[in-house]
2 protein chains.
Amino acid sequence: MIKIAVLGHGVVGSGVVEVIEKNKSAIEKKLQDKIEVKYILDVRDFPDLPYSDKFIRDFSIIEQDKEIKVVAEVMGGVNPAFDFVMRCIRSGKSVVTSNKALVAEKGDIILAEAKKYEVNFFFEASVGGGIPIIRPMHRCLSANEITEIYGILNGTTNFILTKMLQDNMSFPDALELAQQLGYAEHNPADDIEGFDACRKICILASLAFGRHVHPQYAFAEGISAIELEDVNLARKAGYEIKLIAQARKAKDNKLIVFVAPALISSDCILSQVKDVFNAVLIRGNVVGDIMLYGRGAGKMPTASAVVADIIDEAMHARYMPGFGWEPCNENIVQPQLEALSRYFLRFKNCSLFQIEKVYKNINVILEGEQIAFITECFSGIEHCKMQEQLEAAGAELLSAIRVLDL
Amino acid sequence: MIKIAVLGHGVVGSGVVEVIEKNKSAIEKKLQDKIEVKYILDVRDFPDLPYSDKFIRDFSIIEQDKEIKVVAEVMGGVNPAFDFVMRCIRSGKSVVTSNKALVAEKGDIILAEAKKYEVNFFFEASVGGGIPIIRPMHRCLSANEITEIYGILNGTTNFILTKMLQDNMSFPDALELAQQLGYAEHNPADDIEGFDACRKICILASLAFGRHVHPQYAFAEGISAIELEDVNLARKAGYEIKLIAQARKAKDNKLIVFVAPALISSDCILSQVKDVFNAVLIRGNVVGDIMLYGRGAGKMPTASAVVADIIDEAMHARYMPGFGWEPCNENIVQPQLEALSRYFLRFKNCSLFQIEKVYKNINVILEGEQIAFITECFSGIEHCKMQEQLEAAGAELLSAIRVLDL
């Protein structure tokens with residue numbers, strides 16, 4: 001009998017208990033053993049649930065129970081999750097989590113502690129909900145040097161951009177719809193400003209490149225400045241606008257890690273990821289491009305990944321050396337303005353002649369009162385200088401969005 | 001030091017040796033050990049290769065060498081691969097393979113032998129080349145009951161269909177181009193008649209549903225009857241034509257497993273898989289739909305998956321119980337004509353009035369000398385009866401293609 005504890009009974013936590021009940025016979029067949037949720041830790045009471053007797057409020061009961069070998073941490077937030085996870089590990093228990101804030105902030109410390117106590121710390125559900133990403137990257141692409149990762153890692157923003165494109169909705173209207181449908185929080189900043197996607201790409205960058213990439217060093221730009229006009233002009237030029245999280249190797253052992261809107265060619269499969277779906281494109285030096293796609297959030301998809309981690313731990317209960325990454329206290333992220341990119345730009349109060357004097361070879365999309373065009377490739381620093389040059393001549397920049405050439 | 005043997009030095013076999021050399025330092029860092037290809041079995045000589053001293057022609061040298069713990073079988077074909085694989089297993093060696101014919105034909109027997117000898121038999125590369133499919137299905141979706149699988153599992157046919165759609169090429173012209181580019185064999189029947197995709201979907205069905213699905217029971221229909229006109233009419237109605245391999249649960253413990261061309265809505269991500277790329281859409285009862293996408297064939301992508309299996313085996317050298325499926329000698333595949341589907345049909349020598357009398361509610365795409373339309377959902381058997389009814393009245397059926405509603 002495998003006995004587990006679940007820390008937290010929110011959306012994901014209740015999903016974990018439900019999935020184990022729903023697919024119990026199939027799961028037990030795989031495990032060749034029985035599985036039982038012994039404890040659920042939550043400060044609230046749930047007297048009406050059929051498993052109300054499993055709720056406890058005192059974490060130390062779990063910590064001290066030798067029967068518990070696997071703990072699912074699905075509370076969210078860094079505290080007190082971090083303290084609980086470290087105490088589980090020190091009691092010889094493996095931990096699985098869906099908590100992206102915890103993994104992004106404290107992953108290196110937790111992984112080091114797990115190594116010391118020879119237990120596992122798994123976090124498949126922390127990026128991309130139910131989409132298999134962490135394990136395929138680590139186990140299936142292990143013969144590759146991973147060079148680049150591009151992800152649509154936030155369902156809320158992808159839903160909003162899809163609605164803008166398909167239904168010609170403005171950003172505020174699409175955001176309101178997302179809130180009505182429960183896809184966006186009442187305070188949506190974490191999603192729409194790119195912070196959520198940023199934590200996830202930091203986790204993927206850490207795993208791919210072997211050193212902890214702290215979110216504080218990674219740049220995040222959201223979609224709140226995207227106007228319907230940009231979406232339509234991009235479409236006209238053969239592109240879709242997506243919020244893209246990217247991680248790449250740069251020079252001098254540095255990494256490029258940031259989140260920002262980008263124009264992607266409509267021919268690229270990543271541009272076809274719609275609504276609340278997420279996807280990650282991973283480029284390996286042997287396999288080329290692979291893409292993993294699915295529901296990146298939600299109760300059941302996320303619970304699917306948490307329970308898969310529990311099953312993996314229960315079936316192969318043994319410390320997996322080599323999984324994870326090393327601590328890294330220096331800033332290994334290259335300033336994002338040094339990264340090269342083509343740009344989609346929209347100006348007013350200037351002539352095409354003035355623009356061409358500054359940007360040289362451009363691909364004009366719109367010419368009239370406003371001028372929209374796509375530039376050649378240059379750094380963000382050069383872009384700023386060119387923009388200042390035009391602004392000094394009276395031009396007004398309305399939009400500047402990177403073009404991602406995959 | 002991990003010493004391995006590679007059986008076969010064809011396209012994939014040479015790729016395996018190259019990948020290990022190319023990424024040796026990264027692989028050894030993961031393994032925390034050295035890795036070396038000790039033997040390469042091939043009947044041919046390769047005197048000019050830097051590793052020509054590794055070639056042997058006598059399999060029993062590998063069989064008897066206790067240093068060899070992992071063998072990569074990349075010869076292709078059922079014989080003599082099957083004999084060699086069984087002998088490796090009986091000598092206590094784990095085997096990894098890219099050989100889809102072997103896994104589809106003999107998977108159950110090999111897995112049973114591997115279980116008996118407590119060694120592993122891995123075959124990530126046998127389906128979808130470098131795309132992680134087998135391990136994500138087994139390890140990451142383990143909390144799910146998998147209900148349906150839909151795959152574009154053959155790059156050659158997907159390339160041909162893409163060329164027909166994008167460049168308005170006829171089937172024979174697109175096939176010729178595929179042959180010129182090396183995507184299609186001189187004798188392309190295995191690809192274009194769907195047999196290759198059929199072996200792959202049988203492997204996925206076996207893994208998902210736990211019982212061996214023998215290719216002899218699964219129906220395969222290729223793309224050689226698809227005309228450019230069908231591709232264009234489908235596009236007009238909002239669909240793309242793809243060669244789809246599918247596996248689903250049916251009634252009475254039976255399975256639906258077949259390969260056939262199908263119209264897929266242009267809104268579905270699977271329809272956006274172009275050129276030689278492959279993709280598998282897997283539907284789980286908890287996670288919903290996930291899709292795995294990438295290069296489904298080719299030297300380096302396939303070698304990427306073979307070497308990942310070698311690394312997995314070397315890192316976690318321990319028998320993995322619960323991976324694989326049970327033997328099944330009965331035919332568990334439902335006759336494909338019993339499966340329900342909407343159909344795209346194209347007739348000549350009949351009137352819309354005659355068609356509507358037989359098919360009732362239809363969605364007309366073309367009306368004129370020819371009539372093209374999409375029907376409601378019915379079984380293949382009903383479809384045959386309706387077709388006969390119209391043919392008895394003088395109509396001629398020009399095309400009949402399933403519509404896949406995902």
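**Ground rules.** I number residues from 1 along each chain as its sequence is written, and chains are lettered from A in the order in which they are written. Since the model is predicted, I kept local features at pLDDT of at least 70 and side-chain atom pairs at pLDDT 80 or more, while totals for chains, interfaces and linings use all residues.

**Entry 1, domains.** I looked up the domain assignment of chain A, with bounds from an automatic or database source. Domain 1 covers 2-131 + 300-315, domain 2 covers 134-295 and domain 3 covers 339-404. I then took the centres of domains 1 and 3 of chain A over C-alpha atoms and found 50 Å between them.

**Entry 2, the contact.** Next I turned to where the chains meet, counting residues as in contact if their C-beta atoms, placed from the backbone, lie within 7 Å. Chain A gives 45 residues and chain B gives 45 residues. On the chain A side, H2 (24-31), H6 (134-140), S12 (288-295) and H12 (299-315) each supply at least two residues; helices (H or I, at least four residues) and strands (E, at least two) are DSSP runs, numbered from the N terminus. H12(A) has the largest share, 10 residues. By class, the side of chain A holds 26 nonpolar, 11 polar and eight charged residues. Here Ala, Val, Leu, Ile, Met, Phe, Trp, Tyr, Cys and Pro count as nonpolar, Asp, Glu, Lys and Arg as charged, and the others, Gly among them, as polar.

I followed S12(A) to S12(B): five bridges join them, and they run antiparallel. Strands pair if DSSP finds at least two bridges between them. Ile290(A) has Gly294(B) as its bridge partner.

The same surface serves both copies, as 100% of the contact residues of chain A recur in chain B.

Leaving aside residues up to four places away in sequence, I found Ile201(A) touching Gly151(A), Leu153(A), Ala218(A), Ala245(A), Gln246(A), Ala247(A), Val257(A) and Val259(A).
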